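Here is my note on the chain you sent.

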Amino acid sequence: MQWLKKGIHQIPELVVLLIVLFIAFFSGAGLLDNQRMVNRALSENYAEYKPGFDANRFNALKEQNPDVICWIDLYGTPIDYPITHTNDNHTYLAKDVFGDYSATGAIYLDARNNPDFTDNIKILWGHNMTPQVMFGSIREFLNARYFQDRKYGDIYYDGRHHGVEIYGIVSNTFTNDSAVYRPGDYAGEEVRSFMENLIERSVNKRKADLGKIDNVLLLSTCSSDLTSGKNVLVCTVTDETYEDTFDIDERRIAILDIYSRLPLLLWLIVVFLLLLLIYRILKYLKEKKRKVKKSRSHQKTWNERGR
């Protein structure tokens, strides 16, 4: 019966161990599932459809999904995706360009904009989940060095490439801010005044020749600082195209490499901390049992002496 008593005394320790292992398993599973979701949304998965010298690849994607209207590539960032458009701003919140469920969604043009991209104030929407997918890297433009190093991009629509110039980043605004969220087609002076206001409000900004600006493009995503807050990258679209001086962009790959391993690193840290907790708990219980046993032994000795 001694083995049974010993086993009963060890039950609390086993319960603690099982609980900790249960937490570790499901936290790790959650992190790995999140990483799989991120991996599916990486721009590299869409690269075969990117319009280059041969537009047939992009047309093949449009045949699969007629909602696809254009393609945006911000040089030196992970933003390199097809863009969709529907008559609402909800369809692609949780659906990728292939029509499959995806928590990362897809980048889409505001429903109030004309899908032929002719409006002179356009808004693109995308999720902010992790820096390497969709519009997650927009928050990086709040860093002055990151902003200064990245000035150009490319947007493909109407069968040809157009340039993108980045002028500012507005932080922590809201969708009811009519000074920012007013997509549509406006008179030239209104567009220039609109652009001047956005640059003035930007955290990081560049000087702009307002007299030449007639085509504004805003990239909007959620802010990490405020509930319902938005960060907006302020850009213009030009007929002139720009060279991608980042080439393969080793800095971008480095960022992707770090963040792709982050969930696994976090999981390993969690497991380490949980194992450390187990060790401390077991050590504490063992020490407590030793003290109890010692106390009983002393009590027994005193009782025997008392006789």
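**Notes on the predicted model**

1. Start with Ile 269. Ile 269 sits in helix H6, which covers residues 250-306.

2. Is Ile 269 buried, exposed or partly exposed? Ile 269 is partly exposed, with a relative accessible area of 47%. Buried would need a value under 20%, and exposed one over 50%.

3. Ile 269 also belongs to a nonpolar surface patch. In soluble globular proteins, nonpolar side chains tend to be buried together.

4. Now the whole chain. Six helices and nine strands make up its secondary structure. The chain has 307 residues, and 41% of them count as buried. Its accessible surface is about 17600 Å². Carbon and sulfur atoms hold 56% of that surface.

5. Contacts next. Take those in the chain with a separation of 6 or more: residues 24 or more positions apart account for 63% of them.

6. Which residues touch the most other members of the largest nonpolar core? They are Leu 124 and Leu 219, in a core of 58 residues. Strand S1 (residues 68-74) gives the most to this core, with six residues.

7. Setting aside neighbours within four places in sequence, Leu 219 contacts Ile 72, Leu 74 and Leu 124, among others. The list also includes Phe 135, Ile 138, Asn 231, Val 232, Leu 233 and Cys 235.

Key: Residues numbered from 1 in each chain as written. Predicted model: local features only at pLDDT ≥ 70, side-chain atom pairs only at ≥ 80, totals over all residues. Heavy atoms only, no water. Patch = residues over 30% accessible without salt bridge, like charges linked within 9 Å, V, L, I, M, F, W, Y side chains within 5 Å. Areas by Shrake-Rupley, 256 points an atom, 1.4 Å probe, with all protein chains shown as cover. Salt bridge = Lys/Arg side-chain N within 4 Å of Asp/Glu carboxyl O. Helix = DSSP H or I, 4+ residues; strand = E, 2+ residues; numbered from the N terminus. Buried < 20%, exposed > 50% of the residue type's maximum accessible area, 1.4 Å probe, protein only. Contact = heavy atoms within 4.5 Å. Core = buried A, V, L, I, M, F, W, Y, C linked by side-chain atoms within 4.5 Å.
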